[in-house]
Amino acid sequence: MRLGMAREHTTNDSAKDVEGSDRYEIPMRLLSNGALSLVMVQTAPLSSEQLREGGDRPAALAAVHALFDHDDASGAESELDSLAPPDPLLIVFPEFSFGFNHWHDLDERIRKRPEKIIVIAGFGPVKGKAIREWTEDPRVETERLGPNETLRSGRSYNGGWCWVHDPSDTGRTQCFCFLKNCREQSVEPQHVTEEGRSVLALRFDDMLLLPAICADLVSNREGNPQERFREIARSEADEPRVLVVGSLYDPSPWNSIWNARLNYLVQSIPNVVVALVNCAFDVPRSQDEEDCWRTRTGVYMDRRYRASLPSESERRPFIRTQETDALVGGVVRHSQPSILFGRVVWPPYGPTTARWLWEVSHRLDLVTMVSEDITECPSLLDYEFPRFLRRHMQPGTSQQEAAVREISDGVGISSESITGTCLHGLGAKASPPTEPWGFDNQPTDPKELLKRSTKALCQLAGSDQTVWCVDPSLEGLLSCTETGANILIWSGEKGKVMRQQLRSWAACTDSHPPLIAVAHADDGGLYPELVRPDRHTDFAAPPEESDDIGQAHGTRFAKFIPIAEVLDDEQDDDQRFDALREDVPL
């Protein structure tokens, strides 16, 4: 088996051998203009049948097709050809992405690429016999398993491939195989029966690359891969940039053990960045401290390097910033299958160097196959608000669950208008506030107010007695099919202020359907009542003259219904809508 362009780990006098590691030198640079082009492939989770040895991997193969294949029938370019990200390019797939039988398909595509690329992809489970036959295949010239590994033919392994493709005159294409050292205890016991004994380290001219598989990054047993990574990095004489890449298959990415072990990695290895790619486990969590980590797919760094990411006020549709006491990270916002294209930059950060640790400029949805560019993608709330509903409607009524699905699919009203109306009431539908989550001098957490409002909204919207009111010139998000009255869901103000605003609205002479304000006042100062316009007491818009007898008076109908009545579990739909219909002119 030829060694290709890699040089064995024993050839570098500046780095000592670390027990349980296989180190190779690669004469190639990974950074372009100080940044690493990074592609993260977040594929759909596998079924139990697909996880078996030899099981199909349709999700990962679809992603490979989108990335690498030109469509001859339609003439459509592959994503790599269309976007042409600067090379060298690092592409990362999750754990278990492929069966071992898919190696040749991947290898053929990678070797055809005109740019320098590194591809890290998880495989398994696979018998040791199949891995040994692969390493001994005479057709496989530049592929290898580390010399420290001893395979047992009848045992099942889990691991990854790391291709290094350099199409230049002096380069080669080779693939390194590395095995998972630490089995996790929930998914793998029935599929994987053996562990590897060595970690892989690739020393490029400008970086040290350390790939790992899921539990290898969270194990705390003695001699775990994280400790060996630390020793490998410290053995380098020049303290290079270090990139730890984790391919994950973790249905519980919110588990706090990830924070603890990531803290250890970023604090114990100098100049390290950690990039994790998990499968698209779309499981919203009700607790903010758990849901904030999404699938855990993201890029992380020690906070001491003053790494930064786009702030909440800046447009960043694809990632969200997360921090602990030790690290700062950019977490992928979407928990659906997707491919993300971006760039990672090491410190120092500043106005003359780089501004952010990680930027993502493009996303391909692997379900709809729709591409989104950072300059033209939907707003943050178009994703965050449906997720907010899914988190806080569990368990929900059948009507609430139906409404959540409708809102997620789109109802013709923007998420900004829905959240703005629920929190700020009149006028917010047509002109939603820039920061709809926020309040000035508001003692109650706006998210708590939004939970209450949206539960009432979804309870009513899921009924066949309402339709969405999409006209931005009309107040209210819903319309009653029987009375034609509009329904305004509103929480968060003081009762006196809400009553005064609705009186001002009712005093207007422009035609408008009857308006039912299903409302909650933060001070509890609301009860069922008709709202009667009174120009003499309407200090928000007093008459221009003291004698207003000849002026036109309001013709609009409005009334308040406490939001608690809509959320009363003892009422059925007919009882709720009887209260809404009462006194409404037909």
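This is a predicted model: local features need pLDDT of at least 70, side-chain atom pairs count only at pLDDT 80 or more; totals for chains, interfaces and linings use all residues.
Visitor: Which side chain meets that of Glu482 in a salt bridge?
Guide: Residues are numbered from 1 along each chain as its sequence is written, and side-chain values use heavy atoms, leaving out hydrogens and water. A salt bridge is a side-chain nitrogen of Lys or Arg within 4 Å of a carboxyl oxygen of Asp or Glu. At 3.2 Å from N to O, the side chain of Glu482 pairs in this way with that of Arg581.

Visitor: How many residues apart are Glu482 and Arg581?
Guide: Helices (H or I, at least four residues) and strands (E, at least two) are DSSP runs, numbered from the N terminus. Glu482 sits in the loop between strand S20 (478–480) and strand S21 (486–491), while Arg581 belongs to helix H15 (residues 573–581). The pair therefore links distant parts of the chain, with a separation of 99 residues.

Visitor: Is Glu482 buried or exposed?
Guide: Buried means under 20% relative accessible area, exposed means over 50%, and partly exposed lies in between (1.4 Å probe, protein chains only). The relative accessible area of Glu482 is 58%, so this residue is exposed.

Visitor: Which residue meets Glu372 in a salt bridge?
Guide: Side chains of opposite charge can pair when their charged atoms come close. Both residues of this pair are buried. At 3.3 Å from N to O, the partner of Glu372 is Arg363.

Visitor: Is Lys112 buried or exposed?
Guide: Lys112 meets Glu108 in a salt bridge of 3.4 Å, N to O. Glu108 counts as partly exposed at 43% relative accessibility. With 62% relative accessibility, Lys112 counts as exposed.

Visitor: How many salt bridges does a search of the whole structure find?
Guide: Some salt bridges link into a network, whose members are Asp282, Asp288, Asp291, Arg294, Arg320, Arg333, Glu384, Arg387, Arg390 and Arg391. Across the whole structure, the search gives a total of 37.

Visitor: At what angle do H9 and H11 pack?
Guide: Two packed helices are described by the angle between their axes and the distance between the axes. Axes are lines fitted to C-alpha atoms, for helices over the stretch in contact, and angles run from 0 to 180 degrees between N-to-C directions. Helix H9 (residues 380–392) and helix H11 (residues 415–424) have axes 8 Å apart, and their angle is about 60°.

Visitor: Is H11 roughly parallel or roughly perpendicular to H12?
Guide: Angles under 35 degrees count as roughly parallel, over 145 as roughly antiparallel, 65 to 115 as roughly perpendicular and the rest as oblique. H11 and helix H12 (residues 446–461) pack at about 105°, with axes 9 Å apart. That makes the arrangement of H11 and H12 roughly perpendicular.

Visitor: How many nonpolar residues does the contact of H11 with H12 have?
Guide: Contact means heavy atoms within 4.5 Å, and here Ile418, Thr419, Cys422 and Leu423 in H11 meet Pro446, Leu449, Leu450, Ser453, Thr454 and Leu457 in H12. Ala, Val, Leu, Ile, Met, Phe, Trp, Tyr, Cys and Pro count as nonpolar, Asp, Glu, Lys and Arg as charged, and the others, Gly among them, as polar. Three residues of the contact are polar and none is charged, while the nonpolar ones number seven.

Visitor: What separates the C-alpha atoms of Val272 and Met301?
Guide: Val272 is found in strand S12 (residues 272–277) and is buried, with a relative accessible area of 0%. Leaving aside neighbours within four places in sequence, Val272 has several contacts, including Tyr300, Met301 and Trp346. Val272 and Met301 are 29 residues apart along the chain, and their C-alpha atoms are separated by 6.6 Å.

Visitor: What is the phi of Ala84?
Guide: Most residues other than glycine have a negative phi, and most peptide bonds are trans. Ala84, in the loop between H3 and S4, is exposed at 55% relative accessibility. Although Ala84 is not a glycine, its phi is positive, at about 45°.
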